[in-house]
Amino acid sequence: MNTPPKDEMPPSGTTSDTAQVLVVDDDSLQRGEIVDFLTRQGIEVEAEGNGFAAVHRIKSLRPKVVVMDMKMPGLDGLHVSRLVSGLEHPPKVILMSGYPEYVYRAHAEDAEVFAVLEKPVPLAALVRFVNDALSQSAA
């Protein structure tokens, strides 16, 4: 079975600069699955494949919520969340990891994020977290 390279971008949910949610994951299959599911829920979504691109996209797109993998090459999700927390209008960040030590690290370091979820995250549960974060960012 052929799998696409991890840095290959799946089609994003929208092509506008008004996406509500940015999904960041170096695993293109996982990223695509999350983007597709959130899009089917009526949520405007964009995607990035690494932390460096995510920082630039967050600054330009100004999404309300960022759903992000923690363990990525280069700039990990926890570091990205710290970098964007100082923005004038920082997004609500939902971190995910399939590595328990990363989930523990986020809690131990008292990361200023909306949620830290252990993978695999059921998509129905993820969309509830995303909708809660969107509701809180609108308040």
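Select residues 1-16. Their pLDDT (the predictor's confidence in each residue, from 0 to 100) stays under 50. The model has 34 contacts beyond four places in sequence for this stretch; contact means heavy atoms within 4.5 Å. Now colour the whole protein by pLDDT: the mean is 88, and 87% of residues reach 70 or more.

This is a predicted model, so local features need pLDDT of at least 70, side-chain atom pairs count only at pLDDT 80 or more, and totals for chains, interfaces and linings use all residues. Residues are numbered from 1 along each chain as its sequence is written, and side-chain values use heavy atoms, with hydrogens and water left out.

Next, select S97. It sits in strand β4, residues 92-97. Strands are DSSP runs of E, at least two residues, and helices are runs of H or I, at least four; both are numbered from the N terminus. Is S97 buried or exposed? S97 counts as buried because its relative accessibility is 0%. Buried means under 20% relative accessible area, exposed over 50%, partly exposed in between (1.4 Å probe, protein chains only).

Beyond four places in sequence, the contacts of S97 include M70, Y102 and E118.

Last stop: D76, in the loop between β3 (65-69) and α3 (77-84). D76 is buried, at 15% relative accessible area. Show its side chain. A polar atom there lies 3.2 Å from the backbone nitrogen of L78. For the backbone nitrogen of H79, the distance to a polar atom of the D76 side chain is 2.8 Å. Beyond four places in sequence, D76 contacts M70, Y102 and R105.

How values were computed
Polar contact = N/O pair within 3.5 Å; in protein donor to acceptor, adjacent residues only side chain to side chain.
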